[in-house]
Amino acid sequence: MSVGLNGRADWIAVDWGTSRLRAWAMSEAGAVLGEAVSELGMGKLARGEFEPTLLTLIAPWLDRPAVPVLACGMVGARQGWREVPYVPVPTQPRALQPHAVTGTAASIRLAILPGLSQEKPADVMRGEETQIAGFLVAQPDFDGVICLPGTHSKWVRVSAGEVVSFQTFMSGELFSLLSQSSVLQHSIAQQGRDEAAFSEAVAETLSRPERVAHALFGIRADAVLNNLDPVTARSRLSGLLIGAELAASRPYWLGQDVAVIGAEDLTETYAAALSSQGLAPSQHDGSAIARLGLAAVYATLSETAS
């Protein structure tokens, strides 16, 4: 999908994740002049396919040589276009230095932002650091926890403009594997939501997370013996996994201001789970926040260059 250019692009912002590629034609002042989206995320590309994929997507914006392109996300991973080393926390995400990529087509001048790493316990992120940078542009005094749900959900402590620590959960990937590749696939609807079943499952694993493996098979048993509704089964699976995640991340969110950043359906799901525990999390669109973060980094680079 592409939205036509409204004016000449001064530079191009790119958020390249595992499953999707987003690009924006940007003005020097940070205004969005055009947008393009592709389903060709990192997970669908071989190393040699990144450059032609990007050039095809942004071709209408390349009206001169060496158009600056600033990218974040899995494009900088080991399996991406060019591996970019992680920066250890604590660090200020807006101050991250992108790495120039040499040997590209003459029409672009590509730089990729690094991800963040944590030594103990070992953890890494790519892409989320740019969303955090964008969030802190809008709320520079935020002191609390940012939750970034997705395939691999992140819980991030932020204080004084820095990422202090973080932890990752594979809840999204587990949901995908269990609903599509396990014995539960025969019981799970492809879409739909049962709010009561979801809330009940969240509460169940929050109080008894050690029973989650047993509770998961209970979905299959309930479907076989009692014809459990597939939408209810889907909601129960989601609730069990998110409840277990909340139980493990409790030291992060308990008593904290929490912001949830991501796709609308995921932010609503996590916000509902947190609200059931007495929190009032704010919700933010992950794509818009990532773009804001890229613009903030680009502005910082422009100020330094001048």
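The dialogue below concerns a predicted model and its backbone angles.

Q: Which peptide bonds and which phi values are found in most cases?

A: Most peptide bonds are trans, and most residues other than glycine have a negative phi. The cases below concern both angles.

Q: Which residues does the cis peptide bond with omega of about 5 degrees join?

A: That bond joins Val-89 and Pro-90.

Q: What is the omega of the peptide bond from Lys-120 to Pro-121?

A: Omega there is near -10 degrees, and the bond is cis. Pro-121 is found in the loop that runs between β9 (116-118) and β10 (123-125).

Q: What is the phi of Ala-66, and where does Ala-66 lie?

A: Ala-66 is a residue other than glycine, yet its phi is positive, near 55 degrees. Its place is the loop between α1 (50-58) and β5 (67-73).

Q: How is the accessibility of Ala-66 to be read?

A: The relative accessible area of Ala-66 is 30%, so Ala-66 counts as partly exposed. That class lies between the cut-offs of 20% and 50%.

Q: Where is Asn-227 placed, and is Asn-227 buried or exposed?

A: Asn-227 sits in the loop between α5 (212-226) and α6 (230-248). Its relative accessible area is 66%, so Asn-227 is exposed; the cut-off for this class is over 50%.

Q: What is the phi of Asn-227?

A: Asn-227 is not a glycine, but its phi is positive, at about 55 degrees.

Conventions: Residues are numbered from 1 along each chain as its sequence is written. This is a predicted model: local features need pLDDT of at least 70, side-chain atom pairs count only at pLDDT 80 or more; totals for chains, interfaces and linings use all residues. Side-chain values use heavy atoms; hydrogens and water are left out. Helices (H or I, at least four residues) and strands (E, at least two) are DSSP runs, numbered from the N terminus. Buried means under 20% relative accessible area, exposed over 50%, partly exposed in between (1.4 Å probe, protein chains only).
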